[in-house]
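Subject: Structure handover

Hi,

Here is the structure for you to look over.

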Amino acid sequence: MVMAADSQFHVLAVDDSLIDRKLIERLLKTSSYQVTTVDSGSKALEFLGLIEEHQHTNFKSPSSSSSSSNIHHQEVEVNLIITDYCMPGMTGFDLLKKVKESTSLRNIPVVIMSSENLPSRISRCLEEGAEEFFLKPVRLCDVNKLKPHIMKTKFKDQNQEEEEEEETTETEFESIEKQQQQQQIQMNSNNKRKAGMDEEGVGEDRRRRIRYNSNGVATVN
């Protein structure tokens, strides 16, 4: 397999069906994506760090080795989530809502999969923020639609980081300028105080040098 630039992108695949998980994993790896698969919405949230990890959670990580089956969510950046709609417990729609409600994860693209072609379901997911709605079985041409959504998010994140850096730099400059102004004000105040003390000292010295002679005329010594 030729490893394309897509290998830098990591997809979290969520499906309670083992057969469907294997299929989407194979398709994603064929397209050179790194893949982590989980079998429920709650485990997806756990992997993403939205809920506390449980001791016996078993993830199939990008390395696919048993030694890394308990991979920590912070070690791998997730660039896209693809999830089945109908799952016991937490549905794919519930997972979508949780991700979009999270301030730290809401920019991650989410794609929904379903074996049922229901327009109301499709509209519901797209309105909630899903990027795509794939009908099962997912095909390679569907997977080819994922990269533009990942790249769009990547560029958005980069622009946001650059804006934050510019704001930080501008804030730092303003802080330095303010400090310099305060230092200048303090220096001017100290100089005025020193000048006043010098004038007072000179006046006192002059008073001390004035003497009166026997005729009552003031003289300066």
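Below are the conventions, then the findings.

This is a predicted model: local features need pLDDT of at least 70, side-chain atom pairs count only at pLDDT 80 or more, and totals for chains, interfaces and linings use all residues. Residues are numbered from 1 along each chain as its sequence is written, and side-chain values use heavy atoms, with hydrogens and water left out.

Overall fold. The protein chain has 6 helices and 7 strands (DSSP runs numbered from the N terminus: helices are H or I of at least four residues, strands are E of at least two). From the N terminus, the order is β-α-β-α-β-α-β-α-β-α-α-β-β. Of the 221 residues, 33% are buried (under 20% relative accessible area; exposed is over 50%, partly exposed in between; 1.4 Å probe, protein chains only). Among contacts with a separation of 6 or more, 62% join residues 24 or more positions apart (contact means heavy atoms within 4.5 Å).

An unreviewed UniProt entry annotates Asp 84 as "modified residue: 4-aspartylphosphate". UniProt positions follow the numbering used here, feature names are shortened, and annotations may be inferred rather than shown by experiment. Asp 84 sits in strand 3 (residues 80–84). Its relative accessible area is 6%, so Asp 84 is buried. Leaving aside residues up to four places away in sequence, Asp 84 touches Val 14, Asp 15, Asp 16, Gly 92, Met 113, Ser 114 and Lys 136.

Backbone points. The peptide bond from Lys 136 to Pro 137 is cis, with omega near 0 degrees. Pro 137 is in the loop between strand 5 (132–135) and helix 5 (140–143). Ser 32 is not a glycine, yet its phi is positive, near 70 degrees. Ser 32 lies in the loop between helix 1 (18–30) and strand 2 (34–38). Ser 32 is buried, at 4% relative accessibility.

Helix packing. Helix 3 (residues 92–101) packs on helix 4 (residues 119–128) at about 15 degrees, with axes 10 Å apart (axes are lines fitted to C-alpha atoms, for helices over the stretch in contact; angles run from 0 to 180 degrees between N-to-C directions). That makes the two helices roughly parallel (under 35 degrees; over 145 is roughly antiparallel, 65 to 115 roughly perpendicular, the rest oblique). From helix 3, Phe 93, Leu 96, Lys 97 and Lys 100 meet Arg 124, Cys 125 and Glu 128 of helix 4.

Best wishes
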